[in-house]
Amino acid sequence: QVQLVESGGGLVQEGGSLRLSCVASGFTFRNYHFGWFRQTPGKEREYVAGIRSNDGTKDYADSVKGRLTISRNSLANTIYLQMNNVKPEDTAVYFCAAVSTPLGSAVPTMRRGDMRYWGKGTLVTVSS
């Protein structure tokens, strides 16, 4: 059974830090690219960051560059999103997702949100 299970969300003050985790199971971790997305009520889901399977190349939305960092632990089948210097506009439900696609199309695919597997999300609330 394919699962992506996010954790680590919660309430954090503006300027603080938080680390989200996503544990993957039921498919071959190393063959998939992973991304983090977020969504607030009434808005479309937004791409946040992605990491390619083969070489670990990372990609970020402009709105989070320099503050959020995606990483992975392949031995633990886990993806992370380190959130530093958080802002109220980072408040959202954060989703982890995975897709298997040729390496050259990984980033465009993730940026479009064309992912195969999705987690159920974890809520991050940033207070000002």
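**Glutamate 6**

I began with glutamate 6 and found it in strand 1 (residues 3-7); strands (E, at least two residues) and helices (H or I, at least four) are DSSP runs, numbered from the N terminus. I kept in mind that this is a predicted model, where local features need pLDDT of at least 70, side-chain atom pairs count only at pLDDT 80 or more, and totals for chains, interfaces and linings use all residues. Residues are numbered from 1 along each chain as its sequence is written, and side-chain values use heavy atoms, with hydrogens and water left out.

Is glutamate 6 buried or exposed? I noted that it is buried, meaning under 20% relative accessible area with a 1.4 Å probe, protein chains only. It has no salt bridge (a side-chain nitrogen of Lys or Arg within 4 Å of a carboxyl oxygen of Asp or Glu). Arginine 45, the nearest side chain of opposite charge, is 8.1 Å away.

What lies by its side chain instead? I found the backbone nitrogen of cysteine 96 at 2.8 Å from a polar atom of that side chain, and the backbone nitrogen of glycine 121 at 2.9 Å.

**Strand partners**

I looked at pairing next (at least two DSSP bridges between two strands). Strands 1 and 3 pair antiparallel over five bridges; glutamine 3 has serine 25 as its bridge partner. Strand 3 also runs antiparallel to strand 8, with six bridges, and here cysteine 22 stands opposite isoleucine 79.

**Leucine 81**

I finished with leucine 81, whose contacts (heavy atoms within 4.5 Å) include Trp36, Val48 and Tyr94, leaving aside neighbours within four places in sequence.

Notes: Buried means under 20% relative accessible area, exposed over 50%, partly exposed in between (1.4 Å probe, protein chains only). Lys and Arg count as positive and Asp and Glu as negative; His and the chain ends are not counted. A polar contact is a pair of N or O atoms within 3.5 Å; within protein, one must be able to donate a hydrogen and the other to accept it, and residues adjacent in sequence count only if both atoms are side-chain atoms.
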